[in-house]
Amino acid sequence: MALVTIFFFYTAYRTNIFLAQQGEVAMEANLAEPGYSLELSSPIPIGYPRATLKFPLGEVSMQEREEEEEEEEKNKRMLSVNGILKRQVMDGVCSALYTDEELRLRYAYKDDALSFIPTISLPSNAASFAFKRRIIPSDKLSYWYKFDSNMWSAIYKRTYGKDYKFKAGYDSEVRLAWVSLWVGDEAGKVKSTPMKMKVQFMLQVPQDDIKTSVLMFRVKKRWDI
C-alpha cells in the first residue's frame, strides 16, 4: 500500500522548474487528469506571482495587480483574472477570451476555399468580421469590417509560382491604398529563396493627398562564407 501511495503522489504532482526567456521563474505541476496542469510563475527580479490552471479546453490565470486611485492618490491591490476557452463547433472553432474585464467572443470557420470569422467584444458591443475567399488556387481576397466604426479594409493577393507574390489593398481607417510585389517566398527563409534573397517593393497612396505617395523597398540577402 505504501509503494502505491508514493507512486501516485509522484505521478499526480510531478513538478518541473524552469527559467523563462522573458525573465520569470515558474514551477509547473502536472495533475492526475490528462491535459491538466497548474503553473506558478513570478517575474524576475520583482513582481506579483501568477497562477495558471491549464485544461484541455483552455486556461485560466490569476494575478494580483496595483491600480492607482486618483481621489486617494494611492495604489490599490486587485486580483486580475484572465482566461481563454476553445471548443470545436460543427466545422469551426468557438473561443471566449476574457482579459482586462473584457470578454471577446469569436467563431472561426475555415476550409480550403473560405474563411469566415465574426467577433464581438463585451461590454463594448464592438463587432467585426473577417472574410477570406480563395477564388482560384493563385488568387485570394480578404475583407475586414468593423460594425462600430464602419471601418473596413480589403486585400487582394495573387501568387506566381512560389517565389512571386502581388498584393493590393485599401484601409479606410487611415484612408490609404497600397500595392506590393514580393520576389522570394514572403513567409519562407532567405536560404530557400532564389539567389538567397527576398525583395519587396511597395507603393503607398494616401487618399487625401496623392502627391505624398511613397515608394518603398526592402531587401533581405544571405551570404554564405
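Helices (H or I, at least four residues) and strands (E, at least two) are DSSP runs, numbered from the N terminus. The views below show a predicted model, in which local features need pLDDT of at least 70 and side-chain atom pairs count only at pLDDT 80 or more, while totals for chains, interfaces and linings use all residues. Residues are numbered from 1 along each chain as its sequence is written, and side-chain values use heavy atoms, with hydrogens and water left out.

**View 1**
Of its 225 residues, 22% count as buried, where buried means under 20% relative accessible area, exposed means over 50%, and partly exposed lies in between (1.4 Å probe, protein chains only). The protein exposes about 16,600 Å², of which carbon and sulfur atoms supply 60%; these accessible areas come from the Shrake-Rupley method with a 1.4 Å probe, and for residues only the protein chains shown count as cover. Among contacts (heavy atoms within 4.5 Å) between residues at least 6 apart in sequence, 10% join residues at least 24 apart.

**View 2. Leu57 is found in the loop between strand E4 (50-55) and strand E5 (58-69).**
Leu57 counts as partly exposed because its relative accessibility is 40%. Leaving aside neighbours within four places in sequence, Leu57 is in contact with Ile84, Leu85, Lys86 and Arg87. One of these, Ile84, is 27 residues from Leu57 in sequence, with 8.2 Å between the two C-alpha atoms.

**View 3. Ser61 has its place in strand E5.**
With a relative accessibility of 12%, Ser61 counts as buried. Once neighbours within four places in sequence are left aside, the contacts of Ser61 are with Arg50, Ala51, Thr52, Ser80, Val81 and Asn82.

**View 4. The largest pocket is lined by 16 residues.**
A pocket is defined on a 1 Å grid over the protein atoms alone, as an open set of points where a 1.4 Å probe fits, with protein on both sides within 12 Å along at least five of seven lines, and its lining residues have an atom within 4 Å of a point. About 270 Å³ of space lies in the largest pocket, a volume being the space filled by probe spheres set on the points, which are joined across faces, edges and corners. Nearest the centre of this pocket lie Ser128, Phe129, Trp144, Tyr145 and Lys146. Two or more lining residues come from each of strand E8 (102-110), strand E9 (114-122), strand E10 (126-136), strand E11 (139-146) and strand E12 (151-160), and E10 gives the largest share, four residues.

**View 5. Arg158 and Asp139 meet through their side chains in a salt bridge (2.5 Å, N to O).**
The pair links distant parts of the chain, with Arg158 in strand E12 and Asp139 in strand E11, 19 residues apart. A salt bridge is a side-chain nitrogen of Lys or Arg within 4 Å of a carboxyl oxygen of Asp or Glu, and the structure holds four of them. Arg158 is partly exposed, at 26% relative accessible area, whereas Asp139 counts as buried at 7% relative accessibility.

**View 6. Asp208 forms a salt bridge with Arg175, the closest N and O atoms being 2.8 Å apart.**
Here too the pair links distant parts of the chain, 33 residues apart, with Asp208 in the loop between strand E15 (197-206) and strand E16 (214-221) and Arg175 in the loop between E13 and E14. Asp208 is exposed, with a relative accessible area of 59%, while Arg175, at 34% relative accessibility, counts as partly exposed.
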